[in-house]
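Please keep the sequence and the three-dimensional view at hand while reading.

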Amino acid sequence: PHLVKILKSVPRPAGLAAGGGVWLALMPLFDLPATAKRIIEPAVQIYITIAVIWFGFKGTDLLAWIAEQKAKTSQNKLDDLLVPLLRKSLKAGVLVLGLVYLADSMQIQLAPIIAILSVGSLGVAFAATDTIKNFFGSITVILDKPFQIGDWVIVDNVEGTVDSVGIRSTRIRTFYDTIVTIPN
């Protein structure tokens, strides 16, 4: 994304979160009935949480753009591979933390949900063995550097230039300008 577009998108969620914070701070000054306070206060907290999650996503785009610009100036191609992974990891982290805080704002008990998820995660682990294999394959691709973004490669009868290396797969742009995704 272009820097101007990113910079224009960051202040709005920050302003919304700040506005919610001001509203929350000024609520004691209003002489609202207890029923109204019980409704408005959690609603404002949920509003602020959603705005902060949105700000986190936009801030992540800004940080990734800065990292991308630094990566372009370096001779090392490893950082060209790591920047997209950094962007995706930061967005996932913002989303997970935001959802946990949102659940807390909505007064949802997380302990029973986590207990159910821990039992269910065993089944997910068995189902996700290919994803785990691809994750460790991507670490191998990044550390061993058998190829870099922009290199011409031939893998499993697919020939083209490496377009991107993700956590689970590598995308190759063929001679016919199609994208082929190959698991790491």
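## The largest pocket

Helix H4 contributes the most to the lining of the largest pocket, giving three residues. The structure described here is a predicted model. The volume of the largest pocket is about 210 Å³.

The residues that line the largest pocket are Pro84, Leu85, Lys88, Ser164, Val165, Gly166, Ile167, Arg168, Ser169 and Arg171. Sorted by class, this lining has four nonpolar, three polar and three charged residues.

## Salt bridges

Side chains of opposite charge can pair when their charged atoms come close. Over the whole structure, the search finds four salt bridges. In one of them, the side chains of Lys91 and Asp61 meet at 2.9 Å, N to O. Lys91 belongs to helix H4 and Asp61 to helix H3 (residues 34-73), so this pair ties together parts that are 30 residues apart in sequence. Asp61 counts as buried because its relative accessible area is 14%, under the limit of 20%.

Another salt bridge joins the side chains of Arg173 and Asp163, at 3.6 Å, N to O. Arg173 lies in strand S3 and Asp163 in strand S2, so that the pair links distant parts of the chain, 10 residues apart. Both partners are partly exposed: Arg173 has a relative accessible area of 29%, and Asp163 has a relative accessibility of 33%. Arg173 also meets Asp177 in a salt bridge between their side chains, at 2.9 Å, N to O. Asp177 is exposed, with a relative accessible area of 54%. Elsewhere, salt bridges with shared partners join Asp61, Arg87 and Lys91 into one network.

## Aromatic pairs

How many aromatic pairs does the structure hold? There are two aromatic pairs. The ring centres of Trp23 and Phe30 are 5.5 Å apart and the ring planes stand at 40°, so this pair is classed as tilted. Trp23 is partly exposed, with a relative accessible area of 38%, and Phe30 is likewise partly exposed, with 36%.

The rings of Phe175 and Tyr176 form a pair with centres 5.6 Å apart. Their planes lie at 80°, so the arrangement is edge-to-face, a class that applies to angles over 60 degrees. Phe175 is exposed at 67% relative accessibility, and Tyr176 is exposed with a relative accessible area of 70%.

## Positive phi angles in loops

Which loop contains Gln107? Gln107 lies between helix H4 (78-105) and helix H5 (110-127). The phi angle of Gln107 is near 60°, which is a positive value in a residue other than glycine. Gln107 counts as exposed because its relative accessibility is 66%, over the limit of 50%.

Asn157 also has a positive phi although it is a residue other than glycine, with a value near 65°. Asn157 sits in the loop between strand S1 (152-155) and strand S2 (158-165). With a relative accessible area of 81%, Asn157 is exposed.

How values were computed:
Residues are numbered from 1 along each chain as its sequence is written. Side-chain values use heavy atoms; hydrogens and water are left out. Helices (H or I, at least four residues) and strands (E, at least two) are DSSP runs, numbered from the N terminus. Buried means under 20% relative accessible area, exposed over 50%, partly exposed in between (1.4 Å probe, protein chains only). On a 1 Å grid over the protein atoms alone, a cavity is a set of points where a 1.4 Å probe fits but cannot get out, and a pocket is an open set with protein on both sides within 12 Å along at least five of seven lines; lining residues have an atom within 4 Å of a point. Grid points are joined across faces, edges and corners, and a volume is the space filled by probe spheres set on the points. Ala, Val, Leu, Ile, Met, Phe, Trp, Tyr, Cys and Pro count as nonpolar, Asp, Glu, Lys and Arg as charged, and the others, Gly among them, as polar. Rings of Phe, Tyr and Trp (its six-membered ring) pair if their centres lie within 6.5 Å; planes under 30 degrees apart count as stacked, over 60 as edge-to-face and the rest as tilted.
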